[in-house]
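Here is a short briefing on one protein chain. Look at the sequence and the structure first, then read the points below.

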Amino acid sequence: MNKVNMTEGLSNAEVEEQKRLGNLNIMTVKVGNSNKDIIIKNSMTLFNLLNLVLAVVLFIIGSYKNMLFIFSIISNTSIGIYQEIKAKRIIEKLSFLKQDKVEVIRAGEQVSIEKEELVLKDIICLKKGVQVPVDAICLEEGLDVDESMITGESDFIEKHVGDFIYSGSLVMQGASKAQVQAVGNHTFISKLTKEASVLKKSKSKIQQQIDKILKIIAIGIIPISILVLLNQFVFSSLNLSVIPQRKMAIVGTSTTITSLIPEGLVLLTSVALALGVIKLSQMDVLTQELSAIETLVSRAI
């Protein structure tokens with residue numbers, strides 16, 4: 001990219017030309033699913049549906065103490081929702097540039113504009129406390145920046161003439177002019193945000209095995225339920241005209257069906273994976289899904 005005179009910057013005609021070419025600093029990267037989508041995805045599962053039907057039946061007949069299994073379902077679902085929303089918020093923080101205004105040299109004058117109005121080749125003025133809104137090339141000496149949010153490097157980085165400055169970096173010391181090298185979706189932080197927000201759906205082996213178990217249960221639960229109902233309502237000695245005995249038959253049927261659904265297995269799996277996520281978060285590793293723990297281990301072996 002050709003350098004522009006630092007004292008003059010772009011002319012008004014050059015700015016308009018860059019705008020015509022679409023080289024404006026406008027980001028259109030979408031950060032993952034909404035909180036509503038995440039909640040729906042984790043709640044509307046076959047596992048939850050089976051247990052919800054049983055819980056509704058028990059609630060209708062007033063057998064509340066036999067509904068305690070619902071806490072296992074709530075816990076399991078909450079763990080998945082919390083982890084995904086937490087990961088989404090971390091990505092949002094990464095993608096969010098707090099600096100609204102930026103100082104720029106245009107037509108020989110230093111003016112303050114919105115960061116979205118920056119164009120390719122602009123000359124921007126960086127000083128202490130400023131967050132760099134675009135990718136740029138340093139044009140002067142004496143600038144120290146914090147790139148920890150981008151590269152993970154905790155030390156301040158001294159920039160020299162010709163050095164690349166990442167968007168999202170914070171200027172910690174000094175002042176310098178810089179020439180814009182990339183704007184909008186072409187900036188490093190925009191590409192990083194897009195890559196981090198793309199969640200590739202891949203179920204771990206444990207999840208695949210649990211899904212198989214649930215599918216088998218879902219297929220077999222209807223004939224089993226019919227057999228249990230026949231046993232309770234036809235072959236048993238219960239007098240179904242008596243309300244307490246009728247409730248007892250329904251509770252017995254629901255209890256039998258509930259025992260077929262492995263709530264404990266699903267919950268313990270989620271808890272074990274959640275503990276792994278907590279351990280990784282202490283090492284500053286972003287985990288978007290619980291299944292990533294098993295995937296990481298299997299690939300490391």
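A residue counts as buried when its relative accessible area is under 20%, and as exposed when that value is over 50%; partly exposed lies in between. Aspartate 122, at 0% relative accessibility, is therefore buried. The model is predicted. Its protein has ten helices and eight strands.

**Overall picture**

- The protein has 301 residues, and 39% of them are buried.
- Its accessible surface comes to about 17,300 Å². Carbon and sulfur atoms account for 61% of that surface.
- Take the contacts between residues at least 6 apart in sequence: 70% of them join residues at least 24 apart.

**Strand 3 and its partners**

- Strand 3 covers residues 123-127. Four of its five residues are buried, so the strand is mostly covered by the under 20% cut-off.
- Strand 1 (residues 101-106) runs antiparallel to strand 3, and three bridges join the two.
- Strand 8 (residues 170-182) also pairs with strand 3 in the antiparallel sense, over five bridges.
- Which residues pair with isoleucine 123 of strand 3? Isoleucine 105 is its bridge partner on one strand, and glutamine 179 in strand 8 is another bridge partner.
- In a regular strand, side chains alternate between the two faces of the sheet.

**Aspartate 122**

- Aspartate 122 sits in the loop between strand 2 and strand 3.
- Its side chain reaches the backbone nitrogen of valine 119 at 3.0 Å.
- What does aspartate 122 contact, leaving aside its neighbours within four places in sequence? The list is Leu10, Val104, Ile105, Arg106, Glu117, Ala178, Gln179 and Val180.
- At 0% relative accessibility, aspartate 122 falls under the 20% cut-off, which is why it counts as buried.

- Most residues other than glycine have a negative phi.
- Alanine 107 has a phi near 55 degrees, a positive value in a residue other than glycine. Alanine 107 lies in the loop between strand 1 and strand 2 (109-114).
- Alanine 107 is partly exposed, at 42% relative accessibility.
- Lysine 121 is not a glycine, yet its phi is positive, at about 80 degrees. Lysine 121 is in the loop between strand 2 and strand 3.
- Lysine 121 is partly exposed, with a relative accessible area of 27%.

**Salt bridges**

- How many salt bridges are there? The count comes to six. Three are described here, two of them in helix 1.
- Lysine 19 and glutamate 16 meet through their side chains at 4.0 Å, N to O. Both lie in helix 1 (residues 12-20), three residues apart, about one turn of the helix.
- Lysine 19 is partly exposed at 32% relative accessibility. Glutamate 16 is partly exposed too, with a relative accessible area of 49%.
- Glutamate 17 and arginine 20 form a salt bridge at 2.7 Å, N to O. This pair is also in helix 1, three residues apart, about one turn of the helix.
- Glutamate 17 is partly exposed, with a relative accessible area of 34%. Arginine 20 is exposed at 61% relative accessibility, because that value is over 50%.
- Glutamate 147 and lysine 159 form a salt bridge at 2.8 Å, N to O. The pair links distant parts of the chain, twelve residues apart. Glutamate 147 is in the loop between strand 5 (143-146) and helix 5 (148-151), and lysine 159 is in strand 6 (residues 157-159).
- Are glutamate 147 and lysine 159 buried or exposed? Glutamate 147 is buried at 5% relative accessibility. Lysine 159 is buried, with a relative accessible area of 7%.

**Nonpolar surface patch**

- Leu52, Val56, Phe59, Ile60 and Tyr64 make a nonpolar surface patch of about 550 Å².
- Where is phenylalanine 59 placed? Phenylalanine 59 is in helix 3 (residues 46-60).

Methods
Residues numbered from 1 in each chain as written. Heavy atoms only, no water. Buried < 20%, exposed > 50% of the residue type's maximum accessible area, 1.4 Å probe, protein only. Contact = heavy atoms within 4.5 Å. Areas by Shrake-Rupley, 256 points an atom, 1.4 Å probe, with all protein chains shown as cover. Pairing = 2+ DSSP bridges. Patch = residues over 30% accessible without salt bridge, like charges linked within 9 Å, V, L, I, M, F, W, Y side chains within 5 Å. Polar contact = N/O pair within 3.5 Å; in protein donor to acceptor, adjacent residues only side chain to side chain.
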